[in-house]
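Okay, thanks for coming, everyone. Let me put the structure up and talk you through a few spots in it.

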Amino acid sequence: MSVAAYCIFCYRQIGTSGPATKTHLPWNDISKYSSICIHPRGFVFITYEVLSLKKLLQIDTQAIHQEKLKSYVYVRTTSLNPSDYQGITYQARKEIHKAVRKILETEAKIFRRPFNEQFSTFDGEDHECALWLLLKRSQSEDKEVRLQAVQDLANNSHWHDYQYGTVAQTCDQRTAIGLARSKDIDLRFFLPPPPLPKIKSDYPIEDELRLLLVSLPQTGLDPCVQYFTSLALRESSQTLAAQRGGLWCFGGNGLPYCETLSKIPSETVELFCLQALVQHSKVSSHCDKIEAKGGLQLLQRIYQQRKDSAKIQRNIIRIIGNMALDERLHSSIVRAGWVSVLAEVMKSPHVIQSSHASRALANLDRDTVKEKYPDGVYVLHPQYRSSQPIRADILFVHGLLGAAFKTWRQQDIDRHLDKKASEGEEDYSQCWPKTWLASDCPALRIISVEYDTHLSDWKAKCPVEAHRKSIAYRSNELLDKLRAAGIGDRPLVWVSHSMGGLLVKKMLVDASKNPEMDKIVNNTRGIIFYSVPHHGSQLAEYSINARYLLFPSVEVKELSKDSPALKELNDDFLSFAKDKKFSVLSFAETLPTHIGSMIKLHVVPLESAKLGIGDLIPVDVNHLNICKPKKKDAFLYQRTLKFIQDVLAQEL
């Protein structure tokens with residue numbers, strides 16, 4: 001026992017801050033103590049055991065020193081040779097980190113905030129201290145401190161791989177979302193999506209989608225949700241039948257082709273199922289079911305497998321954006337790995353893809369975004385966190401057969417007719433409000449809305465309940481979405497094309513009669529109309545061909561020339577627009593538009609584009625190009641920009 005106690009006393013003196021050194025035991029003392037209680041014949045055995053124990057207890061202090069310098073998540077190894085840290089770059093970076101730390105300490109003293117002592121005594125390099133301090137501050141209860149820390153993390157571009165890994169593994173949910181919404185963010189800040197469980201190779205994805213759809217509520221649904229669900233399940237059943245044998249062929253609203261066993265269009269079936277899930281994701285209670293049934297992981301699997309299908313990926317991100325409207329699901333969305341996916345898509349050069357991701361992240365970011373963006377409402381600018389205050393809103397509303405992005409693109413270039421223009425094609429704008437207008441007016445929030453329109457009910461995505469496609473129904477639906485997005489809280493300018501202008505007028509008329517929507521009317525500063533058929537369109541009077549107008553849609557019927565409904569809408573709008581003194585600018589087409597292969601006509605004649613108030617400017621373009629400037633310095637864009645700057649002069 002005496003020998004054991006003495007050994008413990010000796011080994012406790014082994015340090016961990018310097019290199020291991022050989023020590024010599026005072027064997028005379030050991031002999032003195034051992035002679036008291038141990039027989040001499042056992043002395044040799046005891047000596048051997050003591051030496052073996054000493055060898056086993058030797059500590060590799062180099063490993064400990066390395067762990068002090070690097071966190072366990074580092075990727076690149078670091079040399080322990082001091083000569084490797086004498087370069088100008090290393091010393092400069094070290095001095096910068098020292099300065100940052102001093103600034104943070106000074107700030108704490110000025111604002112009388114306690115400087116966290118665990119960082120002031122942190123045993124590591126100064127840049128390690130700065131990293132952990134920023135991580136700590138990013139989780140502060142003080143919102144300003146939290147946001148500044150996330151911004152500082154995002155702005156640093158000198159981190160090593162292991163430091164990005166440290167942030168990815170230790171940051172909280174709010175910080176990860178904030179980093180994803182930071183411009184030019186390094187994707188190393190995010191962990192990849194978690195690995196998904198393996199599935200049987202003979203178990204197709206569409207079967208999993210079908211099971212998910214079947215598990216969702218099927219009664220008491222919105223008719224369009226029911227329609228999409230039954231359509232997806234029917235097409236999935238056709239695929240299963242085809243796999244078992246036989247030919248299948250169907251059209252109409254079904255899959256528009258005939259296939260054999262050798263070619264099953266699984267991608268198309270997945271699209272049908274995803275379109276049904278989009279409709280379900282608009283219902284909050286259904287989002288809970290989707291999450292509970294593992295839908296987030298299933299969508300992640302499809303997204304990774306369908307890298308070649310932008311349409312499938314877009315539908316999936318649209319579903320995530322809808323589910324993100326419910327804050328209770330945010331943790332599940334983050335755990336399923338969607339933040340890293342959305343951060344990557346935000347960098348996409350394609351406006352549609354990046355805008356869908358931007359909407360989803362904005363709905364997740366409750367730290368800096370108080371508004372929520374329902375399905376079909378997209379923020380074109382700003383799509384990232386910004387210190388630039390928002391002074392006013394610009395709202396773009398497309399028309400018949402339009403869309404939130406393609407309607408507002410730059411006019412297409414004909415390479416054969418315009419060789420000089422085609423040479424500058426790399427500057428082509430897929431969406432001029434997002435590129436040109438955002439650049440000229442950075443203090444604006446630019447929003448574009450989307451809704452389905454069709455020339456014929458044969459082409460309708462949801463042919464049930466035709467009243468949904470009326471201007472009156474769309475007005476109520478869009479007003480609710482726009483209020484959720486904060487429209488009316490700031491000065492507002494409307495920009496509309498074709499039937500979108502009628503919808504804008506109807507929304508303003510409806511809002512003027514609803515006390516809860518008063519803000520939208522009172523904050524409206526101006527309206528731009530691009531070829532809006534205030535008095536009807538010739539389009540509704542032509543039976544062009546069976547493909548388009550054999551069964552005219554509700555939208556087309558409402559555009560009939562001299563329609564009583566249009567006259568009533570125009571009178572109601574003018575009666576209060578003059579009282580509110582709205583500024584109005586109208587553009588009118590002067591060239592005919594080709595409809596199909598046989599007919600060309602003036603879709604909106606000059607007399608129909610005349611509202612009765614404001615300026616009317618004829619432009620030598622057709623109906624489709626009236627809202628698509630040829631280039632940034634073209635008259636169409638410059639006149640539009642001047643109108644916006646004039647009516648918002650006080651805000652800008």
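Take the contacts in the protein chain between residues at least 6 apart in sequence, where contact means heavy atoms within 4.5 Å: 74% of them join residues at least 24 apart. Keep in mind that this is a predicted model, where local features need pLDDT of at least 70 and side-chain atom pairs count only at pLDDT 80 or more, while totals for chains, interfaces and linings use all residues. Residues are numbered from 1 along each chain as its sequence is written, and side-chain values use heavy atoms, with hydrogens and water left out.

The protein chain has 29 helices and 11 strands; those are DSSP runs numbered from the N terminus, H or I of at least four residues for helices and E of at least two for strands. Of its 652 residues, 49% count as buried, meaning under 20% relative accessible area with a 1.4 Å probe, protein chains only.

Now, the aromatics. How many aromatic pairs does a search of the whole structure find? It finds 12, counting rings of Phe, Tyr and Trp (its six-membered ring) with centres within 6.5 Å. One of them is Trp408 with Trp432, an edge-to-face pair (planes over 60 degrees apart), at 6.4 Å centre to centre and 85 degrees between the planes. Trp408 sits in the loop between β4 (392–397) and α20 (419–423), and Trp432 is in helix α21 (residues 432–440), so to speak a link between distant parts of the chain, 24 residues apart. Trp408 and Trp432 are buried.

Trp436 and Tyr637 are edge-to-face as well, at 5.4 Å centre to centre and 70 degrees between the planes. Because Trp436 lies in α21 and Tyr637 in helix α29 (residues 635–647), this pair ties together parts 201 residues apart in sequence. Both of these residues are buried. And there's a cluster here: Phe396, Trp408, Trp432, Trp436, Tyr530, Phe587 and Tyr637 form one aromatic cluster.

Last stop, a helix pair. The axes of α8 (residues 143–155) and α10 (residues 173–180), which are lines fitted to C-alpha atoms over the stretch in contact, come within 10 Å and cross at roughly 55 degrees. On the α8 side we have Arg146, Val150, Leu153 and Ala154, and they meet Arg174, Thr175, Gly178 and Leu179 in α10.

Key: Axes are lines fitted to C-alpha atoms, for helices over the stretch in contact, and angles run from 0 to 180 degrees between N-to-C directions. Rings of Phe, Tyr and Trp (its six-membered ring) pair if their centres lie within 6.5 Å; planes under 30 degrees apart count as stacked, over 60 as edge-to-face and the rest as tilted. Buried means under 20% relative accessible area, exposed over 50%, partly exposed in between (1.4 Å probe, protein chains only).
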